Protein chains: 2
Amino acid sequence: MTDNTLIEHLVTSLRCLPGVGPKSAQRMVYHLLGRDRDGGRILANTLRAAMDDIGNCRLCRTFTESELCALCVSESRDPSLLCVVETPANVAAINRGTDYNGRFFVLLGHLSPLDGVGPGHLGIDQLKKRLDTGDIREVILATGSTVERQATAHYIAEFVRERGILVSRIALGVPLGGELEFVDSGTLAHALSGRGEYR
Amino acid sequence: MTDNTLIEHLVTSLRCLPGVGPKSAQRMVYHLLGRDRDGGRILANTLRAAMDDIGNCRLCRTFTESELCALCVSESRDPSLLCVVETPANVAAINRGTDYNGRFFVLLGHLSPLDGVGPGHLGIDQLKKRLDTGDIREVILATGSTVERQATAHYIAEFVRERGILVSRIALGVPLGGELEFVDSGTLAHALSGRGEYR
């Protein structure tokens with residue numbers, strides 16, 4: 001009944017954003033049109049630039065606008081530590097939340113034979129080449145803890161060990177400040193079987 | 001610590017959307033970059049076009065890409081009924097949710113002396129001219145029910161009545177399916193004092 005095809009297109013387009021349903025998309029459209037056109041224009045330009053110009057780091061595969069990301073270029077980071085994660089978001093999380101000061105390698109996924117995701121998609125050859133440079137002293141596996149992700153970690157651990165490099169795994173256990181009664185039983189079982197001496 | 005200035009810009013730009021905080025903005029960015037670049041590009045283009053090309057209908061002031069909106073152009077709508085609302089979103093809501101088949105007039109706000117919003121900002125002259133054409137038989141006031149919005153309705157009602165045109169107000173009361181105990185007392189008082197004969 002309305003001619004506002006452009007408005008409707010915008011509502012539809014906004015729904016490519018995760019967590020945005022028809023109602024919030026509509027709210028966004030009316031907000032931008034009525035109160036923040038400049039914000040909308042800036043968003044449009046930044047979005048366009050980001051979609052076109054952001055690629056993957058040649059060395060660690062995280063997102064970057066350059067050939068190499070800042071973390072790979074940085075002189076101040078320990079080149080003998082390599083943390084293997086699944087996504088660029090994981091890199092950002094570890095970088096923001098911890099004092100980890102080594103390098104990263106981003107798998108951009110995890111082994112998932114049913115979805116046709118094999119070692120080729122995860123840059124495993126690239127990772128092996130990196131290990132073969134002889135710079136790496138320890139590989140920290142920071143993949144998630146579902147079955148497929150554990151399998152991915154296991155698969156990587158095998159060929160890292162073959163090269164005589166130390167492999168470690170981020171600790172799985174009860175989160176800090178977590179109430180035991182609300183922790184799922186899998187995590188609880190892990191935390192119990194993986195208990196360490198009290199110091 | 002990262003070079004991903006474009007990623008950071010995009011996270012910041014997304015926050016112009018209502019309801020999007022730093023965490024969801026970041027989630028959106030990684031989703032678009034990793035899984036939906038095409039969606040992101042389409043969104044960027046649509047957004048750009050919408051911000052630049054959508055203006056206000058010359059007659060009713062709702063959002064439209066054309067000089068006149070579809071509702072004002074439509075031959076099938078009753079030209080003797082005029083519903084006055086505050087926002088284009090209200091037009092969409094009434095149009096979608098009811099069988100109202102008259103025309104609209106959008107104030108794009110409500111009287112708010114403290115914020116410097118006076119009759120000039122609400123297109124009151126335009127509304128008066130419209131009333132003076134003699135086409136309008138009834139003006140339906142569909143502004144909200146806060147004090148300022150009620151005052152706006154009152155102000156409009158005055159000059160509509162002066163012109164011998166019928167003024168009505170959308171009913172204020174308990175929502176359909178609403179539990180009495182959860183309805184705020186203002187609404188409840190309104191519903192009680194505005195009670196009608198049982199038919």
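Biologist: How do you know through what surface the copies, chain A and chain B, meet?

Modeller: In this predicted model, 100% of the interface residues of chain A are also interface residues in chain B, so the copies meet through the same surface. The model's local features need pLDDT of at least 70 and side-chain atom pairs pLDDT 80 or more, whereas totals for chains, interfaces and linings use all residues. Residues are numbered from 1 along each chain as its sequence is written, chains are lettered from A and ligands numbered from 1 in the order written, and side-chain values use heavy atoms, without hydrogens or water.

Biologist: How many residues of chain A are in contact with chain B?

Modeller: Contact requires heavy atoms within 4.5 Å; by that criterion, 56 residues of chain A touch 56 residues of chain B.

Biologist: What area do chain A and chain B bury between them?

Modeller: The value is about 5,100 Å², with 67% of it on carbon and sulfur atoms. Buried area denotes the accessible area (1.4 Å probe) that two parts lose on being put together, summed over both. In chain A, the residues losing the most area to chain B are A:L6, A:M51 and A:F63, together 14% of what that side buries.

Biologist: What relation between chain A and chain B does the superposition give?

Modeller: A rotation of 180 degrees with 0.0 Å of shift along its axis places chain A on chain B, with an RMSD of 0.0 Å. That is the relation of a two-fold axis. Within chain A, A:A44 comes closest to the rotation axis, its C-alpha lying at 2.1 Å.

Biologist: How far apart do the C-alpha centres of domain 1 and domain 2 of chain A lie?

Modeller: The centres lie 35 Å apart. The bounds, domain 1 (2–53) and domain 2 (63–197), come from an automatic or database domain assignment.

Conventions. Copies are superposed by least squares on the C-alpha atoms of residues with pLDDT of at least 70 in both.
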